[in-house]
Amino acid sequence: MNYKISVIIPVYNVEKYIRDCLDSIVNQTIGIENIEVIVVNDCTPDNSMEIVGEYAEKYPSIKIVEHEFNQGLGSARNTGLKHVTADYISFIDSDDFISENTYEICLEKFKKHHCDFVIYEYDYYSESGKKYPRNPSGKLFDNDKLIEDITKTPEIIFATSACNKIYPKNFIPLLNFPSTLFEDMIVSTNVTFNAKKIYITNNCRYYYRKRESENNSITDNYLEKIESYYDWFLIHYKLYTILEKYPDYKPLIDWMNARDTRFFLRSLMLKDDFSHKERKEMFYIVKEYLKDISEDVLIEFSQDWIEFLSDVQKKSYWKFFIKYGFYRKKIKPKIDVISIYQRAFEILEISILIFISFFYKLNLRNREIWLIIERENEAKDNGYRFFQYMRENHREINSYYLINKNYKKDYNRIKPLGNVIQYGSFKHKLYFVLSRKLICAHKNIIEPWNYRKFKKSYQKFVPTKKYVFLQHGIIGNDVSNVLGKRNPNNYFDLFICGAKPEYDFINANFGYLPGEVTYTGLARFDYLSESTTKKQILLMPTWRNGIVQPSWIKNKIVSDEKFLNSKYYKTYQNLINNEKLIALLEKNDFNLIFYPHYEIQQYLKYFFTDSDRITIANKDFYDVQTLLIESKLLISDYSSVHFDFAYMDKPLIYYQFDKDDFFSKHYKKGYFSYEKHGFGPVLETEDEVVAFVEKAFENNFAVEDEYRRRTNEFFILKDTKNCERIYNEIISLENYYKTTDDLITEIFENYTEKFNVEGLDVYRYNNFLMYVADIKMKVNQIWLHLYPEDPNDLFDNNNNKFNYLDFYFEDFNVTTDNRSEYKNENIALVKLPDIETKIVTTGKIRDKQRNRISFKINIKKGIKNMLSKLKYNIFCVTSKFPALYIILNINETGVKNALINIKGHKAIKKNNLFDIDFYLKKYSNVKSGMDPLLHYIYHGFKEGKKPSNEFDGDYYLKKYTAVKKSNLNPLVHYSLYGINEGREINQDPTKEDYSYRLSNYGSKSK
């Protein structure tokens, strides 16, 4: 019999469920006669095989294979694979089942798309109807799709079940299941990495049964099973080791390992079932495979999980256990002793420095300190050039450069300028405290301590600081997840751009507010023409992912043989030995400098040439900026140095022999197209490159008109005043509060939607959301989710990472300047991505939710909460005496308004403007121990509560904007003045006011 498909069903202790499984096979639309069913009896102790026997008697295509002893699910599948005869293979666990059209749909996809395997929808089946959350692979099944590059669909890495896939028979060598509890993971990953075409369909279903009775399946409740921990960690370590074979997919493996491991590792630290020896052994397995995950992966997690995963990388077992393992049912939450000591030392250090800084500020020069840096070991790029400008043109400002003196070459370059500070020294820390401007070319380098914590705890004791990002190169790709405002590791008050299209792209997509991104040109551009050119051609390509050993990974995961066998190596080795090219250099008395990317420099020993006209340049002896300035022609591929070269009006070419592979594995395309916007031709063959060089000699290295036009459009500002513009923009930061004040006012006056969530008033206006919080309300993290009008935008839109924009309120708070008109209000502004949204959901992340992850205790916060409760209890008592209560709250309103509130309280009661029964009944969370009228005056309006059916404070403020400036509660104002002036207190029902209706009846915008 020639079967169309073979299905393997291991059987063990599934008497209750096996009929559902077999019925779903028997009833397939392609007919049971076309399906080879291989049932492997893994020595089941119940009556499962009697039921299987009934079906086998009735249907000849059902075959039974017996195990002599119980071997587990993985071995049972391997046994079944030895008996398959069909061209396609499927697995089903014996307690699960599939939709009746599954095999018909999948076989049709194989025939139509010639794919390597098919994945179909994986769904949870619950007899109780309970819904279970899915891992990220759930996104795969929003629509049918053919995947030819898994890096563009990264969630496929989480589709690790072997059962919702159909494989061709030639994949059997890859289908070798290990004898572990999580046997699917390695096999599925190997299969996925080996496939060139994968088809995803949601037109059929695999139903995974959630056993909600006491007879759970093998994988249910796995965190409770002690034996699952070793298996889980070893499986993920095995995934890490296969990177040697598949280095291109490291971000996918890192994402899965980090996401899957965190819960197990946290649970491991809290379980009493393990000895320290066992925990320690497992911890160091995890540490090995998580030690070099990148920031791009970490950014996918919440801040608490980022801290947790970073601690895995940095801490020893005992430090990690002390921080995350001293949790007991009777002792919660735990106290992190080591962190407390470290924090105490840091507090002492900063406090001493702040004390010393008061004496330093007696010298007027120390009141305007600017700190400038690139990296601790560099002085040759934008930071160095801007510092050079400051020392030459603005010595009235006390600017300092930070560098490690051990890096002699760069230190000696900048030392003659003066004001150089040893990186990490006492003086660095003291001047950081004193500084007003922090100017850097790379982020998170300039600050000696965590900047967020420093700002939160010490900003009121030190000069207000402005953080300026100079950049280290023009951005052509979408790196908004790394450099965008949503990244909690970014604190940029000013983001410098080097070109107009770059500015437009960042301004639209990175989430920065008006005035925070500026186009000035890069600082180093001022110095690109400071010397004459030589008779020299520069060959400077970038690197390639997958063929080189990344410098940031200590373990060897890429062999040198892989580099030597790569198209990259062979292409450039051939080019620097091209006889015609060498002859052209000889004829014209020119030299060619081959200077590959930093990541390629480790392989320079493998490049060789017989020509003395060609130099293979080592980074330790050649400076990139000098090479760019001195060369007459640049041959590059995708390296960002082409921007600098074009800025100098010199010809260049892009040698892109592998562009399809490059953009699928190395970078995602951004706004810049080499074909449409490039400053030279895009060439794909060696002969074309040599021909262009020959033509360049003939034309005396002239730039074609079309490329000069593109250059002029890209660099609208093209002069030697880039540093001057940067300086002026930094100076103008002092008045930035006016820009945000104007925007706040515009939003208050013209908002289109308003809603209240978690005690926050949220206003929407164009592509801005404005959060207004009670000045006394403790606001921590905010969550914001956007759902595009077109669901495909979730995957196709360049801004899709903004769909889940969680952020810290304090990072987006724009009313911290004492000169602001809104300085007494808590207002955060968020700029939304430029996409059409269907639904916006937003709110506050509660502390109790965060504590479930961090298990930390903040003693200061605990004392503060205790005092707050005590204060509230006192107020509940004093609220029986309104005048006394209002005077005790005098810091909320000021003396003048306190006296007005006393008078207003009496007027409200006298005129029956406040309905106590309505207020208490409608807002059940109002404490009954407190006078409800006083509660409304001081808290209710700010929380969006109404005092009665008739009075609408929001409408009253909106209609009479002068009331807002009085800082009075609207009901108080109305009781004393509004009644006498005949003012309206509610919306006329005959008038349409969309925003008003939404603010009262909608919690989500549409």
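Biologist: Is Ser399 buried or exposed?
Modeller: Its relative accessible area is 0%. Exposed means over 50%, buried under 20%, and partly exposed in between (1.4 Å probe, protein chains only). Ser399 therefore counts as buried.

Biologist: From what number are residues counted along each chain?
Modeller: This is a predicted model, in which local features need pLDDT of at least 70 and side-chain atom pairs count only at pLDDT 80 or more, while totals for chains, interfaces and linings use all residues. Side-chain values use heavy atoms, leaving out hydrogens and water, and residues along each chain, as its sequence is written, are numbered from 1.

Biologist: Which residues is Ser399 in contact with, leaving aside its neighbours within four places in sequence?
Modeller: Ser399 lies in strand S11 (residues 398-403). Contact means heavy atoms within 4.5 Å. With those neighbours set aside, the partners of Ser399 are Trp370, Ile372, Phe387, Met390, Arg391 and Asn419.

Biologist: How many helices and strands does the protein have?
Modeller: Helices (H or I, at least four residues) and strands (E, at least two) are DSSP runs, numbered from the N terminus. Buried residues make up 55% of the 1006 residues. The counts are 42 helices and 29 strands.

Biologist: In what order do the six strands of the open sheet run?
Modeller: Strands pair if DSSP finds at least two bridges between them. The pairing here is parallel. S19 (614-616) and S22 (682-683) are the edge strands, each pairing on one side only. The order is S19-S18-S17-S20-S21-S22.

Biologist: Which residue in S20 stands opposite Ile537?
Modeller: Three bridges connect S17 with S20 (residues 633-636), and the two strands run parallel. The residue opposite Ile537 is Leu633.

Biologist: Which residue in S22 is the bridge partner of Tyr655?
Modeller: S21 (residues 652-655) runs parallel to S22, with two bridges between them. Tyr655 bridges to Leu683.

Biologist: Which residues have the most contacts inside the largest nonpolar core?
Modeller: A nonpolar core is a set of buried Ala, Val, Leu, Ile, Met, Phe, Trp, Tyr and Cys residues joined through side-chain atoms within 4.5 Å. The largest holds 110 residues. Its largest share, nine residues, comes from helix H7 (residues 250-270). The residues with the most contacts inside this core are Ile25, Phe91, Tyr103 and Phe233.

Biologist: How many residues are in the second, separate core?
Modeller: This core includes Leu402, Leu438, Leu528 and Leu634. Its count is 68 residues.

Biologist: Are H8 and H10 roughly parallel or roughly perpendicular?
Modeller: Helix H8 (residues 276-290) and helix H10 (residues 303-314) pack at about 100°, axes 8 Å apart. Axes are lines fitted to C-alpha atoms, for helices over the stretch in contact, and angles run from 0 to 180 degrees between N-to-C directions. Under 35 degrees is roughly parallel, over 145 roughly antiparallel, 65 to 115 roughly perpendicular, and the rest oblique. H8 and H10 are therefore roughly perpendicular.

Biologist: How far apart in space are Arg486 and Lys831, C-alpha to C-alpha?
Modeller: Arg486 sits in the loop between helix H17 (480-483) and strand S15 (494-497). Arg486 counts as buried because its relative accessibility is 13%. Arg486 and Lys831 are 345 residues apart in sequence. In space, C-alpha to C-alpha, the separation is 9.8 Å.
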